[in-house]
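Here is a friendly walk through one protein chain, from its overall make-up to a few of its side chains. Please keep the structure open beside the text.

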Amino acid sequence: MKVIPLEHLEEEFANLLEEKQLELIRYPAKREKYAISFRTDVEDGIHSFFFYRYDPMSTFYESAYFYLYMYLIGVGSTWKTYAVKAVMCLRKIPVDMRSTYLYYYHKTVADAYGVGKKAEMHRRQAIMWRGDISSVDWKDFIEEKKEDLSIYVALCVRILSHIVKDTQLWGEDDFYVWSRDQYELMEWLLKEAAEYCEGNDDCPSEWCACLYYFQGVYYKKTRRYVLAGKAFRHCLDLLSETEEIENAQMKTFIKETEIFILLTDGKNRVNVDEWIKCDDMSFLVLLANLPSLDSQVENLVDECFDVMAIGDEEESENDDEEENEDEDEEESEDEDIGENGLSFERIYELAEEGYPEARCCIGQCYKDGIVVRKNPRLAVEWFRLAADQGNSDAQYCLGDCFRLGQGVEQDYSESFKWYQLSTRQGNSVAQLYLGVLYTEGLGVEQNLELAVDWYRKSADQGNSDAQCCLGDCYRLGDGVDQDYSEAFKWYQLSAEQDNSDAQLRLGVLYAEGLGVEQNLVLAADWYRKSADQGNSDAQCCLGDCYRLGDGVEQDYSAAFKWYQLPAEQGNPEAQFNLGSMCEKGLGVERNLELAIDWYRKSAEQDFEEAVEALKKIDE
């Protein structure tokens, strides 16, 4: 495996993803478990990201890049840039699958910060987003441990110890970082464990005392002082029955617990100096003789309740913060596509199962960037699979890819081959483009008569582009005898389907009285319909109508408006006309400098009138 320089990894990673996706298209069974692997110049080993069949293919790119950015946060000096990019990937991932990613994101960013308030914020968010913390699951797990009392107590104490872990015993409201599941678990366990152990004759008193101590601390911290005092008193009563009562550390602990009891009683006052001297960790004496817990279970508990103390240091106000994924969140959903309203994931499954219609649909998604990130190479792969099965839509789509050089090297002969296969099944789009190839002589010897034949076959099926092309053939006399009336007929059929090119050409025929009685009003109407769809030539023609008063009332301001639109799209005739109006002050204040600018833009496209206009100005 080649070594990728770390600074080029983000760019090279796209190639790794594409190759992996191509592999999965060809061998769907590999989706059960697969990896994206790479080696960089900052590590000796190979780094891999693993994916499984349940990972959606609609967000494959975003998910993989998310993991890459998590990796780069860990090894890159400019990690905040990658944190922002990771958030952008997150926004593309379906909401119902986002929790695992959010946990990983916050945990990684917290580790990157290390210490401080921002690190703490992200650690808390990581805890909130852990998807596997469920009070119900934990309750079942704890109940199962009752078969062995020592393991049961050890587990309960490990969980309850997080009441005081990394927090001051005197503080209150320390648990606002917990999730509802964590609260529910703690509330249930505080009562359940203490009552169960006290009711079990085999449970030592000091074990029960420890549970009631945690109960007292929790109640105090949550401002339930009466319950706290009761729990602390019960803890001391249980300890009085043990031999540990004479232990020096235990005496210190008992003294401090007595102070706790006074603090929970509003009628008593405690000298501040007395309780400030208390050792917050004196309760550890209670844990000395408790049974141990398996390290794996300990880690699981700690992951569930790990809340780091907030650091004292302040972050710089000018420190750039990574983008917050919770703000302005764009929800990503698995959109329904296709005629049957199936989701992308379901259609992808059908494509993997070999259904040609599904394969063609997935190819179209990758070709046009529907639901997934646009990728012509993947589109070609899916089109080829479906085309080889005889799917006519996939065959003409593959023909398009070869004609345009999208996802493959441009090859007109190969394009002709696939169009021809598709036309055998009567595909009107393939018929149209076969006509185009015959017209241009691309991939086949030029033959205008055959081009007309294919245009006609497609036009007879109602294809508006083919109808417009057939109209062109009759207007120009290409492959048929010139016939303006026939041209008008086919343009009209196409124009009525809102084909903007046909609407423009229909306007031209009305303007010049070719194949129909001249009618400048109707000409302007058809120009407008085409212009409203953004056709720059039609916009220029409509500008002419307003400038000359043909079919509309003369209006230089309106003419200037309609010239400006196509001129900004690079139409040289419109640019020349705009320059002329600026030079003469028609519809706009006279501005020779602006006129020259528009003339120059038009002249750069070899528009002869613009070239002449510039010469006259120079003279």
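The report below goes from the whole chain to the sheet, the aromatic pairs and a few single contacts.

## Basis of the model

This is a predicted model, in which local features need pLDDT of at least 70 and side-chain atom pairs count only at pLDDT 80 or more, while totals for chains, interfaces and linings use all residues. Residues are numbered from 1 along each chain as its sequence is written, and side-chain values use heavy atoms, with hydrogens and water left out.

## The chain as a whole

The secondary structure comprises 30 helices and 5 strands. Both are DSSP runs numbered from the N terminus, with helices being H or I of at least four residues and strands being E of at least two. Among the 619 residues, 47% count as buried (under 20% relative accessible area; exposed means over 50% and partly exposed lies in between, with a 1.4 Å probe and protein chains only).

Of the contacts with a separation of 6 or more, 57% are between residues 24 or more positions apart, a contact being heavy atoms within 4.5 Å.

## The sheet and its helices

An open sheet is built from 3 strands in the order β1-β2-β3, with mixed pairing; two strands pair if DSSP finds at least two bridges between them. Its edge strands are β1 (3-4) and β3, each pairing on one side only. Strands β1 and β2 run parallel, joined by 2 bridges, and V3 stands opposite R39 in β2.

Helix α1 (residues 9-26) packs on this sheet and touches β1, β2 and β3, its direction making about 150 degrees with that of β2. Axes here are lines fitted to C-alpha atoms, for helices over the stretch in contact, and angles run from 0 to 180 degrees between N-to-C directions. Helix α2 lies across β2 and β3, at about 150 degrees to β3.

The other pairing is antiparallel: β2 (residues 33-40) and β3 (residues 47-52) share 6 bridges. I36 has F49 in β3 as its bridge partner, and a hairpin of 6 residues leads from β2 to β3.

## Aromatic pairs

How many aromatic pairs does a search of the whole structure find? The search gives 32, where rings of Phe, Tyr and Trp (its six-membered ring) pair if their centres lie within 6.5 Å, and planes under 30 degrees apart count as stacked, over 60 as edge-to-face and the rest as tilted. One of them is the stacked pair of Y69 and Y82, at 6.1 Å centre to centre with 20 degrees between the planes. Y69 belongs to helix α2 (residues 60-75) and Y82 to helix α3 (residues 79-90), so the pair ties together parts 13 residues apart in sequence. Y69 and Y82 are both buried.

Y213 and F232 make a tilted pair, 5.9 Å centre to centre and 50 degrees between the planes. This pair links helix α9 (residues 205-221), which holds Y213, with helix α10 (residues 225-239), which holds F232, across 19 residues. Y213 is buried at 1% relative accessibility, and F232 is buried at 0%.

## Charges over rings

K33 lies over the face of F50, 5.1 Å from the ring centre. K601 likewise lies over the face of W598, at 4.5 Å from the ring centre. The criterion is NZ of Lys or CZ of Arg within 6 Å of the ring centre and within 35 degrees of the ring normal.
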